[in-house]
Amino acid sequence: MTIPRTFVLFRAAAASATVLLLLLAGFGLAGHGLFHGLGGITSHALSWLRANTGLGTR
Amino acid sequence: MTGGRLARKLCAGSAVLLGMAGPAGIAGLAAPAAAAPAAAAPAAAAPAGAPVPVLVALGATQHARYDKLVFTFASALPRHYSARYVSRLPGGPELSAARRSRLLITFSRATGRPAPGAHGASTTYGPAARSYPLPSIMQVATVANHRKTISFEVGLAQPEPFHLLVLPHHRIALEVTTPGRTVQVRDYFVQPRGVFGAATTQPVARPVTQPDAAANALRRLFAGPTGPELARGLRFVASGATSFALGIRHGVARVQLKGGCSSGGSPVTVATEIIPTLRQFRVVHWVKIYSPAGATTRPRGDSNSIPACLAPATGKVLAASAGGPVLAALVAVTAAGVLLGLVISVLSVLTGLARGSNTITPQAYQAERIKAHPVAAGQFGPDRAWPGYPLRQARADLARIEAGRRARYRRLWRWPAKPIVWVLLLPVTLAAVVGLLAAGLTTVLLVGLFAGVTVLIAGGSAAVYAAVALLLRGSEQVWHRALHAEASCPHCYHLMPRPAYRCPGCSILHRDLRPGRLGLFVRRCACGRLLPTMVLRAGRRLTGVCQKCAKPLRAGAGTVRDVRIPIFGDTSAGKTRFLYAGLDSLADITRRAQIPFGFPDDESQDQAAIALDVIRSGRDTVKTSFALPTALTCRVGKGVSSTLIHLFDAAGEVYQGAQMQDSLGFLDHGNGLVYVLDPFSIGAVRDHLAGQQATAFRLAHAAAGDPETAYGEVVTRLRDNGVQAAGQRLAIVVSKADLLESGGLDLPEDSAAIAGWLNQRNVHNLVLSADRDFAEVRYFAVASLAAPAASRRYDPAAPLRWLLASRGLRLPGDPEAAGPGQHAARERGQSERAQL
């Protein structure tokens, strides 16, 4: 049974779009790209970790 | 800030003195204060002897250009109140220049103490000190609350103009202009009950002015948490320090504490808050904190440093240091769980999409559709073809992926040992649980993201899909209506809006090729072959078959104008010969007019060849068999503007039996009828010819029955089957006109004259009935012979052309467009009947 090509196209499009969104979010968390505003969250989290795991108090 | 700048600021700001005669009275005065902060003179507000006003509320709010601090009194305003910048707080030391942004507000003859004997708070207006995350007002603290005087110290971000004003309901407001531009920074306060009971720090946002953002951030830190932050459990651990001095150079921030320095043995000190607060600034790499005496443990080198007075006790260090590793372990376990969740999500998505087991096949989709919408008797089920991905398969894919995700995640929770082992290894168990929960959350988020993207793509596509499908269907419907493009079966006479088509690959029938769920422009048959949608496109590439009997339709059926003309009459009335001669005449007319004329398929071609040969050779027509007729179809015109003309001719005997009549379905869908009347079956004509013209009578093979019988049977059938005869045309053809002429009886050519001729020969019942039963009746005299059309009298094509004209097909020399001699018969017939 041959699956229609449109099925493959739609699936590939959905998977590609998801990966693209994840990449954008990843770049954003690193402070780059379209969602660079997410970099604040990373900074916040790192500050919190640094301050609460003993790294920043000595 | 230098003294000159401060002085200028204070001049610009100035304090305001307010005195009022009533609640609405407001007076403002800016008093320059060059050497000292501005002062204010009091004004009376409450009459002497009145109860002392009680301060019951204190609150600050931010506005567009100023911060407002509102003091609310019960029942009356205090008699005196003032506000001024101060360099020394009552009983306190001289403030440094940097701290001279402090306002002292004093209310005389007012109190903030609860009545003697009252329980609860020590003040009537809430906490004695409080902080605000406002651009200008940082902190408000009670300086004095005794002897009927209340004083507050208001810490500002920097000296700014201010004024006091009286508001309704016994309120006094201090409005302080906000600094021009602020940026948000983070101050880190201690959360004593943080992760696993260990103290943690939490950042909160504060607006600060630039430059000196780092110093301002520390000033905000020393101002302490706001009310809501205190409610969340945040605290400022001062470690005895009351203020600080800050200098930043070469990436090292040096903070000298003032007022005191003591850790009390605790590992959580003011350094715990200062270091992350300062390290948020890019210019700060290391923070070195000095005691008030100017000492620190590591004054040099790339490291943070605290003074010995902030060093914790060893035991407390050990207790506190457990929090860090636990937190780090927690983070590591969570990260591992996230990674595991990522792997599970990717596996679930990939296997869910790649495996063929969840594919919705044409058979499965057809079964689903039938189950959802059971097929009623006489209807056909949906076609067997692949559904569009957004309409069905997308849902199946997501369901499959979600099932895979759940199954994989559930497997993670199968513990490989007895429960007691995990109870004994509790820390490991807890770590595993945290990791698994993180993995589960990650799978939900990632698979949810994929599902969201798929739904968006599929939903958007489906919306466009539906819109285009509706557009295509609508355009095809308009086309069909404009052209009368129906499909009629020449075999079972079924009339359908569109043909079914047989897949060239697997021969299964596709009964509805319109754009829809199974395809927009093309559809994929279950066998994999692509089929065009829309009848207009399918008609060119596929063979249309009847929806009812599945026999092939004429080529082009359903895409071009379709006209059906049944011919009926008595046995030997000359129906078949009339049909053949009419066909011959039509071919001749179209040839001379250079209109394409032909036959849509081999079957019609063969039928026509026989018919034309009989007529053109002058041979006698063979008796029509009793079998039900197959339409003789010809095509006039070319391409989409052509017309398929179906001529139906059944043996006269079938009109005489009720049982046979049930099969004459072609009568029900006719676009006009032709009734062939043999003049030799009329008694008056027989009498006239008897003896004198025996040869002509013999040649005529006259019909033996009553001419009105076949007519009556057909009309009754039409009526019984609900056919609206009253909306149709009827052509009454008097055949064998040539034989009558040779017998000495000349038939008129004019419709009304023919009707009169029939009336004169006692066929007036037929004339009357036809006129009553049909919308329009016209009479034709026909000689079913092959003759040069240019000079043809009694043209056998004339009745056909008249009926074709009613469906929009007009040929040259159309009787409809002919002279006044061949007008519509109804009026003529009526006039004839009137004469009779």
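Because the model is predicted, local features need pLDDT of at least 70 and side-chain atom pairs count only at pLDDT 80 or more, whereas totals for chains, interfaces and linings use all residues. Residues are numbered from 1 along each chain as its sequence is written, and chains are lettered from A and ligands numbered from 1 in the order in which they are written.

The secondary structure of chain B comes to 22 helices and 30 strands, where helices (H or I, at least four residues) and strands (E, at least two) are DSSP runs numbered from the N terminus. Of the 836 residues of this chain, 43% count as buried; a residue is buried if 20 or more other C-beta atoms lie within 10 Å of its own, exposed if 12 or fewer, and partly exposed in between, with C-beta atoms placed from the backbone. Among contacts in chain B between residues at least 6 apart in sequence, 70% join residues at least 24 apart, a contact being a pair of residues whose C-beta atoms, placed from the backbone, lie within 7 Å.

One sheet of chain B is open and has five strands in the order β5-β6-β9-β8-β7, with antiparallel pairing; two strands pair if DSSP finds at least two bridges between them. Its edge strands, each pairing on one side only, are β5 (80-85) and β7 (129-131) of chain B. Neighbouring strands of this sheet are turned by 15° against each other on average, direction ignored. Helix α2 of chain B (residues 213-223) lies across β7, β8 and β9 (149-156) and runs at about 40° to β8(B); axes are lines fitted to C-alpha atoms, for helices over the stretch in contact, and angles run from 0 to 180 degrees between N-to-C directions.

Helix α4 of chain B (residues 270-279) is largely enclosed by the rest of the structure, because ten of its ten residues are buried.

The largest nonpolar core has 99 residues, of which I567(B), Y675(B), I732(B), V733(B), V734(B) and V782(B) touch the most other members; a nonpolar core is a set of buried Ala, Val, Leu, Ile, Met, Phe, Trp, Tyr and Cys residues joined through C-beta atoms within 7 Å. Helix α12 of chain B (residues 575-592) gives this core its largest share, seven residues. A second, separate core of 68 residues includes L77(B), L218(B), V268(B) and C309(B). Helix α12(B) is itself mostly covered, with 13 of its 18 residues buried, and just after α12(B), Q594(B) takes a positive phi of about 60°.

Two loop residues also have positive phi. H169(B), with phi near 65°, is found in the loop between β10 (162-167) and β11 (171-177) of chain B, and H169(B) is exposed, with 7 other C-beta atoms within 10 Å. S239(B), with a phi of about 55°, lies in the loop between α3 (227-231) and β14 (243-249) of chain B, but S239(B) counts as buried, with 24 C-beta neighbours inside 10 Å.

Key. Two residues are in contact if their C-beta atoms, placed from the backbone, lie within 7 Å.
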